[in-house]
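Here's a quick briefing to read alongside the model. Have the sequence and the 3D view open, and we'll go through it topic by topic.

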Amino acid sequence: AALASEAERVVGRWLTKGDDATIEIYRDGQSFHGRIVSINEPLYPQGHSSGRAGQPKMDRNNPDPDKRSQTIVGLTLLRGFEYAGENRWANGKIYNPRDGENYSCELTLNDNGTLDVRGYLLIPLLGSSQTWRPAAK
């Protein structure tokens, strides 16, 4: 029970670097996932080259043409994380809508309550990290 309670510490809403987006992390069975619940600029700006000014931003870089009409808000960003103990969630994937790629990912909850999100190719050493902070409730 203590391990399950510890694993749940990642559940909630998190602000990404620069407060650009709010991600809601939730548990589904034994794994954890996260979806985008809001972004600072959810609509294409006036004069956008796509002619979509004022419409919701879409997942236009998705490699699957059938998914390019999904809105960014509501998009599943984190998938399949397992609690690895010691405030770490591993074996997950993170999707980057900017380039349409999926990366291996690890999450680490820091003592100060922030969440380190490390996406990488092949090994964690070959990646990049962001620190997310809890969103106000």
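How many residues lie between E6 and E7 in their hairpin, and which residue in the turn has a positive phi? There are 5 residues between the two strands, and Gly113 is the one with the positive phi, at about 90°. Keep in mind that this is a predicted model. From that hairpin we can move on to the neighbouring pairing, then to the core and the pocket.

**Hairpins**
- E6 (101-109) and E7 (115-120) run antiparallel, joined by 6 bridges.
- Within that pairing, Leu107 has Val117 of E7 as its bridge partner.
- E7 also pairs with E8 (127-134), again in the antiparallel sense and over 6 bridges.

- In soluble globular proteins, nonpolar side chains tend to be buried together.
- Here the largest nonpolar core counts 24 residues, and Ile23, Ile25, Trp89, Leu107, Leu115 and Trp132 have the most contacts inside it.
- Strands E2, E3, E4, E5, E6 and E7 each give two or more residues to this core, with E4 (76-85) providing the largest share, 4 residues.

**Largest pocket**
- The volume of the largest pocket comes to about 920 Å³.
- Its lining has 34 residues, and Leu77, Asn96, Pro97, Arg98 and Gln130 lie nearest the centre.
- Sorted by class, the lining residues are 17 nonpolar, 9 polar and 8 charged.
- E2, E3, E5, E7 and E8 each supply at least two lining residues, and the largest share, 5 residues, comes from E8.

**Leu77 up close**
- Leu77 sits in strand E4 and is one of the residues nearest the pocket centre.
- Why does Leu77 count as buried? Its relative accessibility is 8%, and the cut-off for buried is under 20%.
- Leu77 and Asn96 are 19 residues apart in sequence, while their C-alpha atoms are 7.2 Å apart in space.
- Contacts of Leu77 include Ile23, Ile36, Ile94, Pro97 and Trp132; Arg35 and Lys93 are also on the list.

Notes:
Residues numbered from 1 in each chain as written. Predicted model: local features only at pLDDT ≥ 70, side-chain atom pairs only at ≥ 80, totals over all residues. Heavy atoms only, no water. 1 Å grid on protein atoms, 1.4 Å probe; cavity = no way out; pocket = protein on both sides within 12 Å on 5 of 7 lines; lining within 4 Å. Points joined across faces, edges and corners; volume = space filled by probe spheres on them. Nonpolar A, V, L, I, M, F, W, Y, C, P; charged D, E, K, R; others polar. Core = buried A, V, L, I, M, F, W, Y, C linked by side-chain atoms within 4.5 Å. Buried < 20%, exposed > 50% of the residue type's maximum accessible area, 1.4 Å probe, protein only. Pairing = 2+ DSSP bridges. Contact = heavy atoms within 4.5 Å. Lists of a residue's contacts leave out its neighbours within four places in sequence.
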